[in-house]
2 protein chains.
Amino acid sequence: MANNDNSTIVKMVFDRWNALLNNCDTKIKVLSNQQLQMEITPGKNRGIYILGHLIAVHDAMLPLLDLGTQQHPDLFEIFVNKPDKSVNIIPSAQELRTFWENQLGTLTPKMESIHVDEWFQRHNSVLPEEFEKEPHRNKLNILLTRTTHLSYHLGQLALLQ
Amino acid sequence: MANNDNSTIVKMVFDRWNALLNNCDTKIKVLSNQQLQMEITPGKNRGIYILGHLIAVHDAMLPLLDLGTQQHPDLFEIFVNKPDKSVNIIPSAQELRTFWENQLGTLTPKMESIHVDEWFQRHNSVLPEEFEKEPHRNKLNILLTRTTHLSYHLGQLALLQ
């Protein structure tokens, strides 16, 4: 009755990632550029910051998963290292939409190219000797933690209207 | 270099679940009963509704995971089947805090009693013949989907102040 081959487990996490990414894409498309400029609640992050934050965090998965270099280190600086409303000039909502679209078209196919067994190998911020003691710090765990991270912020974007 | 034994995979999902549950518990303890009565944003769910919703959804995991019967079917009716502000009399924030505390003390130990291999067996809303074709519909997938669900609503509770 049990089936625990690796492809099943990878599929479980991928299904969640894809479903949330699609929901997020739908929500972003429904929101106007003006709505994205709004704070979710007074004093909290704006929609545009969350959008830039998600692009930057997902972009930073590339080197961790051995899929290439970060495409947008500048966005990581603005939308991860700095809090919202602390940087004067940030990309426009329209520019961020383009980055989001391009990422949507390239990141998932790249991730799908990863062989099932490779998902259970260490990711690139873990040393081999650390991985020996902490075998859960594998590439699939990167996808899993980014999936719950995406869900957290999707819950917030969903409140914008 | 790869390590994909089942206990590693179960640990990965459990770590996420426990971390988010603890963050949620911390946030709930910081909020006053009065703050929980507030809508996260105007016209959207109140904090108290999200708290009741999480308790009800987590409670409903019990039968799905073969861990017993639902303890709070009444909460499921109010906080899942019905939208916020559609039921006149709901439990108080204080009552919900007690349910939350009790659940926190019992649900995770119960889940920890599930044998590693059992997590990869079908959950109780899947028929054996369905499971044969869709082996990802296992008990661990219940925990995974409830983990992203928890993260979604934690992102919203985090906005209450």
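Q: Where in chain B is B:Asp66 placed?
A: This is a predicted model, so let's start with a local feature of its backbone. B:Asp66 has a phi near 65°, a positive value in a residue other than glycine. The place of this residue is the loop between α4 (61–64) and α5 (73–81) of chain B.

Q: Which residue of chain A is joined to A:Asp66 by a side-chain polar contact?
A: A:Asp66 lies in the loop between α4 (61–64) and α5 (73–81) of chain A. Leaving aside residues up to four places away in sequence, A:Asp66 touches A:Asn124 and A:Lys139. A polar contact of 3.0 Å links its side chain to that of A:Asn124.

Q: How many Å apart in space are A:Asp66 and A:Ile114, C-alpha to C-alpha?
A: Along the sequence, A:Asp66 and A:Ile114 are 48 residues apart. In space, the C-alpha to C-alpha distance between them is 9.2 Å.

Q: Is B:Lys85 buried, partly exposed or exposed?
A: B:Lys85 sits in the loop between α5 and α6 (93–112) of chain B. Its phi is positive, about 65°, although B:Lys85 is not a glycine. Buried means under 20% and exposed means over 50%. The relative accessible area of B:Lys85 is 42%, so this residue is partly exposed.

Q: Is A:His53 buried or exposed, and why?
A: A:His53 belongs to helix α3 (residues 47–59) of chain A. Not counting residues up to four places away in sequence, A:His53 touches A:Phe79, A:Val80, A:His149 and A:His153. The cut-off for a buried residue is under 20% relative accessible area. Because its relative accessibility is 12%, A:His53 counts as buried.

Q: Is A:Phe120 buried or exposed, and why?
A: A:Phe120 is placed in the loop between α6 (93–112) and α7 (128–133) of chain A. Its C-alpha atom is separated by 14 Å from that of A:Phe14, 106 residues away along the chain. Since its relative accessibility is 0%, A:Phe120 counts as buried.

Q: How many Å apart are the end C-alpha atoms of helix α3 of chain B, and what span should its residues give?
A: Helix α3 (residues 47–59) of chain B has 13 residues. The expected span takes 1.5 Å times one less than the number of residues, so helix α3 of chain B should span 18 Å. The end C-alpha atoms agree with this, being apart by 18 Å.

Q: How many of the 13 residues of α3(B) are buried?
A: The helix is largely enclosed by the rest of the structure, and the reason lies in its count of buried residues. For α3(B), that count is 13 of the 13 residues.

Q: How many residue pairs are in polar contact between chain B and chain A?
A: In this pairing, 39 residues of chain B are in contact with 39 residues of chain A. The area buried between the two chains is about 3500 Å², with carbon and sulfur atoms giving 68% of that area. Between chain B and chain A there are zero salt bridges. The count of residue pairs in polar contact, both at pLDDT 80 or more, is six.

Q: Which element gives the largest share of the side of chain B that touches chain A?
A: Two or more residues each come to this side from α1 (6–30) and α8 (139–157) of chain B. The residues of this side divide into 17 nonpolar, 16 polar and six charged. The largest share, eleven residues, comes from α8(B).

Technical notes. Residues numbered from 1 in each chain as written. Chains lettered and ligands numbered in written order. Predicted model: local features only at pLDDT ≥ 70, side-chain atom pairs only at ≥ 80, totals over all residues. Heavy atoms only, no water. Helix = DSSP H or I, 4+ residues; strand = E, 2+ residues; numbered from the N terminus. Buried < 20%, exposed > 50% of the residue type's maximum accessible area, 1.4 Å probe, protein only. Contact = heavy atoms within 4.5 Å. Buried area = accessible area lost by both parts, 1.4 Å probe. Salt bridge = Lys/Arg side-chain N within 4 Å of Asp/Glu carboxyl O. Polar contact = N/O pair within 3.5 Å; in protein donor to acceptor, adjacent residues only side chain to side chain. Nonpolar A, V, L, I, M, F, W, Y, C, P; charged D, E, K, R; others polar.
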